[in-house]
Amino acid sequence: MTLTAYNHVRIPSFMYGTAWKKDATTHLVQLAVASGFSSIDTANQLIHYQEALVGEALQALAKQGITRDTLFLQTKFTPLNGQDHRTPYDASADLTSQVRQSFDSSLTHLGTDYVDSYVLHGPYSLRGLGAADWEVWADMEALYQSGKTKMIGISNVTAEQLTQLCEQATLKPMVVQNRCYAALGWDKEVREICQAHGIIYQGFSLLTANRDVLADPEVRTIAKRLGTAPAQIIFRFAMQIGMLPLTGTTSQQHMKEDLQAEHFSLSTEELQRIETVAL
Ligand SMILES: NC(=O)c1ccc[n+]([C@@H]2O[C@H](COP(=O)([O-])OP(=O)(O)OC[C@H]3O[C@@H](n4cnc5c(N)ncnc54)[C@H](OP(=O)(O)O)[C@@H]3O)[C@@H](O)[C@H]2O)c1
């Protein structure tokens, strides 16, 4: 199954996330692909990700005949405030150079000459968008225009910032990646903007940010009806309301279980109940 953004590029409907995998990244990416995932999320940010090890996994997969064109690769430009001293760019360079250096370094890490999606890890401004945000977004647009990335996106964005971007940018984002809290209606405001603009909403930390939902008696009853676990119910719910979920599991059993979410359905009443479970 795939989701299609307003620029007609498609993304597989469930993505494997590589944050916090450290040295296990190479093995886990291969395991995820062997289990059925065909899209991988990473970032050029050594605090949380090992992008070069994703590249090692891709090399190993290529030797097994799983070629680059069969995989969807997404990585991110992480501004200085999200990096430690190991920046993948000259921290004293201007922002445009930082984006270019980070992007080129990502291509080297991943052993490819293009990415499927390139995401700004987060705006520089806490509220609204400032000069740095606009400068970097223009660089993202230029990368898209160059054909080196098939999509551009933004992460950790508020509804206000996304609205501004959609209204004022030359190119609005094709993807948004946000932490998704049930207590905020599963990021309802941002999701609605995405839906109105043909932007693919990617939700992360669906399980870790919503432990209460996993333990909710009604969610457990729904899971029982379907003979599945609460985690799959959350992922299925995400898919049925139009979201692209990420999973960060380190277990092959969970990888396979998570992917099962593509193969059953929740009723309208169940969707409504889960949508409002934490409100
Ligand atoms: N843009 C950003 O700023 C940002 C920030 C954070 C994350 N992300 C992206 O989102 C990805 C996912 O984030 P996340 O790791 O927080 O997601 P998550 O899937 O909500 O959390 C992973 C946790 O859920 C558990 N889990 C997964 N499937 C399970 C299942 N079927 N049953 C029980 N437990 C299960 C995992 O345990 P096991 O390992 O034991 O399965 C792990 O502890 C990251 O890897 C990264 O790519 C992006």
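Which side chains are joined by a polar contact of 3.0 Å? Arg191 and Glu275 are, through their side chains. A polar contact here is a pair of N or O atoms within 3.5 Å; within protein, one must be able to donate a hydrogen and the other to accept it, and residues adjacent in sequence count only if both atoms are side-chain atoms.

Hi everyone, a word on the ground rules before I go on. This is a predicted model, where local features need pLDDT of at least 70 and side-chain atom pairs count only at pLDDT 80 or more, while totals for chains, interfaces and linings use all residues. Residues are numbered from 1 along each chain as its sequence is written, and side-chain values use heavy atoms, with hydrogens and water left out.

Back to Arg191. This residue lies in helix 6; helices (H or I, at least four residues) and strands (E, at least two) are DSSP runs, numbered from the N terminus. Is Arg191 buried or exposed? Buried, with a relative accessible area of 11%. The cut-offs are under 20% relative accessible area for buried, over 50% for exposed and partly exposed in between, with a 1.4 Å probe and protein chains only. If we leave aside neighbours within four places in sequence, Arg191 is in contact with Gly185, Trp186, Tyr201, Ile241, Met243 and Glu275, where contact means heavy atoms within 4.5 Å.

The buried residues of helix 5, which spans 159-168, are Ala159, Gln161, Leu162, Gln164, Leu165 and Cys166.

Now to strand 10, residues 244-247. Strand 10 pairs with strand 3 (residues 15-17) in the parallel sense over two bridges; two strands pair if DSSP finds at least two bridges between them. Tyr16 has Thr247 as its bridge partner in strand 10. Strand 9 (residues 200-204) runs parallel to strand 10 as well, joined to it by two bridges, and there Gly203 is partnered with Pro245.

On to the aromatic rings. A pair of aromatic rings is described by the distance of the centres and the angle of the planes. Rings of Phe, Tyr and Trp (its six-membered ring) pair if their centres lie within 6.5 Å; planes under 30 degrees apart count as stacked, over 60 as edge-to-face and the rest as tilted. That rule gives six aromatic pairs. One of them, Phe14 with Phe37, is edge-to-face, at 5.3 Å centre to centre and 70° between the planes. Phe14 sits in the loop between strand 2 (10-12) and strand 3, and Phe37 in the loop between helix 1 (25-35) and strand 4 (39-41), so the pair links distant parts of the chain, 23 residues apart. Both of these residues are buried. Phe14 also pairs with Phe235, this time tilted, with 5.0 Å between centres and 55° between planes. Phe235 is in helix 9 (residues 230-240), 221 residues away from Phe14. Relative accessible area is 3% for Phe14 and 1% for Phe235. Together, Phe14, Tyr16, Phe37 and Phe235 form one aromatic cluster.

Leaving aside neighbours within four places in sequence, Ala32 is in contact with Tyr16, Phe37 and Met255. Ala32 counts as buried, at 0% relative accessibility.

Helix 9 deserves a moment too. Ten of its eleven residues are buried, so helix 9 is largely enclosed by the rest of the structure. Its buried residues pack against helix 7 (211-215), helix 8 (217-226), strand 10, helix 10 (252-259) and helix 11 (268-275). After helix 9 comes Gly242, with a positive phi near 95°.

Last, the ligand. Which of the 28 residues around the ligand come nearest? Asp41, Thr249, Thr250, His254 and Asp258; a residue is near a molecule or strand if one of its heavy atoms lies within 4 Å of it. An oxygen atom of the ligand lies 3.1 Å from an N or O atom in the side chain of Thr208, and a backbone N or O atom of Gly248 is 3.0 Å from a ligand oxygen atom. Taken alone the ligand exposes 910 Å², and the protein buries 81% of that. These areas come from the Shrake-Rupley method with a 1.4 Å probe; for residues, only the protein chains shown count as cover. Thanks, everyone!
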